[in-house]
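Please examine the sequence and the coordinates together.

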Amino acid sequence: MDSVTTTPDDRRRCRVLGIPVDACRDVQAAAIGLHARGGGRIVTLNAEMTMTARSLPELGHAIEGADLVIPDGAGVVWALARQRVSVVKTAGIELAWTLLEYAAAHSWRVALVGAAPAVMDSLRKSLPQRIPGLNLVMAVDGYQAADAWDGVEAELHQLNPDLVLVALGVPRQETWSERLSESRAGLWMGVGGSFDVWAGVKRRAPAWMCRYRIEWLYRLIQEPSRWRRMLSLPAFAWAVLRGG
């Protein structure tokens with residue numbers, strides 16, 4: 001039986017298949033409040049990540065230690081509803097964009113890490129134009145040579161950004177952020193394919209598909225190679241129905 005834990009702020013820490021996820025009335029306020037308290041990590045949880053975390057201890061550990069885990073997936077929202085916990089799906093890409101806008105308005109230092117070189121080149125030029133006032137202190141793609149990552153991490157430490165958005169894919173973006181954010185201020189958030197969408201390389205599912213909770217189908221159409229990963233969705237539903 002999954003449990004619900006009440007926290008001192010507006011969040012309730014719940015569990016879906018043993019993996020933590022937070023229910024809160026205002027996710028943006030929770031994230032900004034986290035920054036005000038010295039920073040922390042934000043994880044966006046969906047069904048696929050939930051199943052991966054159950055079989056990959058390092059990912060489970062990274063999610064367990066996150067300061068804010070938002071329900072970024074219809075499956076997680078459905079699973080919480082079965083526990084009589086009512087939440088609204090919070091798309092990680094939308095929260096990340098809102099945080100960028102807030103960062104620009106409040107003189108935060110922002111770092112972007114991940115995605116392909118061409119994508120990062122595009123964001124480096126376009127984001128400050130789309131979000132006036134954005135202080136982009138670092139924008140590094142995820143295709144660095146193995147011996148270059150120490151330098152990237154050292155630069156991040158020196159810059160001490162207020163917001164770090166990481167697009168290195170699951171589970172790396174979560175485990176990397178967990179290690180790098182220790183004893184450091186600022187918000188750290190894994191954003192998956194958000195950089196690709198912002199750069200125009202990929203598109204988000206149409207609104208009607210989001211309403212019917214079939215965004216996964218749109219992603220599969222764009223990336224047919226994801227079909228094996230999509231098998232985790234029926235496995236997730238079956239595990240929830242069994243009360244796992």
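A cavity is defined, on a 1 Å grid over the protein atoms alone, as a set of points where a 1.4 Å probe fits but cannot get out, and its lining residues have an atom within 4 Å of a point. Grid points are joined across faces, edges and corners, and a volume is the space filled by probe spheres set on the points. The model is predicted: local features need pLDDT of at least 70, side-chain atom pairs count only at pLDDT 80 or more, and totals for chains, interfaces and linings use all residues. Residues are numbered from 1 along each chain as its sequence is written, and side-chain values use heavy atoms, with hydrogens and water left out.

By this rule there is one cavity of 30 Å³ or more. The largest cavity has a volume of about 40 Å³, and its lining consists of Arg41, Ile42, Val43, Gln173, Glu174, Ser177, Trp188, Met189 and Gly190. At least two lining residues come from each of S4, helix H8 (172-180) and S9; helices (H or I, at least four residues) and strands (E, at least two) are DSSP runs, numbered from the N terminus.

Strands S4 and S9 also belong to an open, parallel sheet of six strands, in the order S5-S4-S9-S8-S6-S7. Its edge strands, S5 (68-71) and S7 (135-140), each pair on one side only, and the twist averages 15° from one strand to the next. Two strands pair if DSSP finds at least two bridges between them. Strand S4 (residues 40-45) and strand S9 (residues 187-190) are joined in the parallel sense over three bridges, and Gly40 stands opposite Leu187 in S9.

Helix H1 (residues 27-36) lies across S4, S5 and S9 and runs at about 165° to S5. Such angles run from 0 to 180 degrees between N-to-C directions, with axes fitted to C-alpha atoms, for helices over the stretch in contact; contact means heavy atoms within 4.5 Å. Helix H2 (residues 47-55) packs against helix H3 (residues 57-64) at about 115°, their axes 5 Å apart. In this packing, Met49, Thr52, Ala53 and Ser55 of H2 meet Pro57, Leu59, Gly60 and Ile63 of H3.

Two backbone details remain. Most residues other than glycine have a negative phi, and most peptide bonds are trans. Leu17, in the loop between strand S2 (12-16) and strand S3 (19-23), has a positive phi of about 55° although it is not a glycine. The peptide bond from Val170 to Pro171 is cis, with omega near 10°; Pro171 is found in the loop between strand S8 (163-167) and H8.

Note on methods
1 Å grid on protein atoms, 1.4 Å probe; cavity = no way out; pocket = protein on both sides within 12 Å on 5 of 7 lines; lining within 4 Å.
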